[in-house]
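Biologist: Please show me the model, and then let me ask about it piece by piece.

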Amino acid sequence: LKTLFNWGVEQEMILSSPMNKIKAPVARPDQIQPFTEQQIVSILDAAKKTKNPVRNRAICLLLVDTGIRANELCTLQVQDLDLNNMRAKVLGKGNKHRTVYFREATAEVLRCYLSEQSRRLTDPVFLGERGGQMTPSGLLQLMERLGKAAGLTGTRCSPHTFRHTASLWALRGGMNAFSLQQMLGHTDLAMTRRYVAMAEGDLEAQHHLYSPVQHLMQCRPDAF
């Protein structure tokens, strides 16, 4: 809006911009709470008890294994999956394709899901309740139902929380920031740095809890 009204002033369409005294909003860091390992297990257990257990487990595993966005998951076609090499080609923001990777457990559940009915290569991987391509809103509703069934508290069950969790777990496991940037499809390192900062904060908290020296002081105070 500020740019639009400034352009109007330059073109002498208006005398002054009504945005001049309005401050820009503050961009606040992502405050989403990631899933714990037990919460992921609870969500997967809840998925087993749904109408489409294999599909829903495949969705959850692919989300947490790759960190792909909701729209990227919904637009996946059968031809985009390479189950033998455990990778998928996703269409991200800006119509840019990238390759994401997953592990054996995810590939096996995806294989079981796709074997449930015949598919063409151009068919969507994940079908909605009515048989057509799953939509981001339908995916969000599914996540909310799974979160409620899993009894989650303090953490919102959403596709973005899976993406958040995948990012932090990847960093904790040793992935570098540039690889994470590629995995998530970020155009620059700005957003990736947020995850790095959160992971470093997590490392600091874990060290305070499990410091070897602190443990030694508690067990062998005479050594000091």
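Modeller: Helices here are DSSP runs of H or I with at least four residues, and strands are runs of E with at least two. Keep in mind that this is a predicted model.

Biologist: How many helices and strands does the chain have, and in what pattern do they follow along the sequence?

Modeller: The chain holds ten helices and three strands. Reading along the sequence gives their order as α-α-α-α-β-β-β-α-α-α-α-α-α.

Biologist: What share of the residues is buried?

Modeller: A residue counts as buried under 20% relative accessible area. The chain has 224 residues, and the buried share is 38%.

Biologist: Of the contacts with a separation of 6 or more, what share joins residues 24 or more positions apart?

Modeller: A contact needs heavy atoms within 4.5 Å. Among contacts with a separation of 6 or more, residues 24 or more positions apart account for 58%.

Biologist: Which residues make the nonpolar surface patch?

Modeller: The patch covers about 550 Å². One of its members, leucine 1, lies in the segment before α1. Leucine 1 is exposed, because its relative accessible area is 68% and the cut-off is over 50%. The patch is made by Leu1, Leu4, Trp7, Met13 and Ile14.

Biologist: Where is glutamate 12, and is it buried or exposed?

Modeller: Glutamate 12 sits in the loop between α1 (2–10) and α2 (37–48). Its phi is near 60 degrees, a positive value in a residue other than glycine. With a relative accessible area of 73%, glutamate 12 is exposed.

Biologist: What is the phi of asparagine 95?

Modeller: Asparagine 95 is in the loop between β2 (87–91) and β3 (97–101). Its relative accessibility is 65%, so it counts as exposed. Its phi is positive, in a residue other than glycine, and lies near 55 degrees.

Biologist: Which residues of α5 are buried, and why do they line one face of the helix?

Modeller: In α5 (residues 104–114), the buried residues are Thr106, Ala107, Val109, Leu110, Tyr113 and Leu114. Seen down the axis, they fall within an arc of 165 degrees, so they line one face of the helix. They pack against α3 (53–66) and β1 (81–82).

Biologist: How many aromatic pairs does a search of the whole structure find, and what is the geometry of phenylalanine 35 and phenylalanine 162?

Modeller: The search finds two aromatic pairs. The rings of phenylalanine 35 and phenylalanine 162 have centres 4.9 Å apart. Their planes stand at 65 degrees, so this pair is edge-to-face.

Biologist: What parts does that pair tie together?

Modeller: Phenylalanine 35 is in the loop between α1 and α2, and phenylalanine 162 is in helix α7 (residues 159–172), so the pair ties together parts 127 residues apart in sequence. Phenylalanine 35 and phenylalanine 162 are both buried.

Biologist: How are the rings of tyrosine 113 and phenylalanine 126 arranged?

Modeller: The ring centres of tyrosine 113 and phenylalanine 126 are 5.6 Å apart. The planes are at 15 degrees, so the pair is stacked.

Biologist: Where are tyrosine 113 and phenylalanine 126, and are they buried or exposed?

Modeller: Tyrosine 113 is in helix α5, and phenylalanine 126 is in the loop between α5 and α6 (136–149), 13 residues apart. Both tyrosine 113 and phenylalanine 126 are buried.

Biologist: What is the N to O distance between glutamate 72 and arginine 98?

Modeller: Glutamate 72 is in helix α4 (residues 70–74) and arginine 98 is in strand β3, 26 residues apart. Glutamate 72 counts as buried because its relative accessibility is 2%. Arginine 98 is buried too, at 7%. Their side chains meet in a salt bridge, N to O, at 2.8 Å.

Biologist: What separates glutamate 108 and arginine 111 along the helix?

Modeller: Glutamate 108 and arginine 111 form a salt bridge, with the closest N and O atoms 3.1 Å apart. Glutamate 108 is partly exposed, at 41%. They are three residues apart in helix α5, so what separates them is about one helical turn.

Definitions and conventions
Residues numbered from 1 in each chain as written. Predicted model: local features only at pLDDT ≥ 70, side-chain atom pairs only at ≥ 80, totals over all residues. Heavy atoms only, no water. Buried < 20%, exposed > 50% of the residue type's maximum accessible area, 1.4 Å probe, protein only. Patch = residues over 30% accessible without salt bridge, like charges linked within 9 Å, V, L, I, M, F, W, Y side chains within 5 Å. Areas by Shrake-Rupley, 256 points an atom, 1.4 Å probe, with all protein chains shown as cover. Salt bridge = Lys/Arg side-chain N within 4 Å of Asp/Glu carboxyl O. Arc of directions from axis to C-beta. Phe/Tyr/Trp six-rings, centres within 6.5 Å; stacked < 30°, edge-to-face > 60°.
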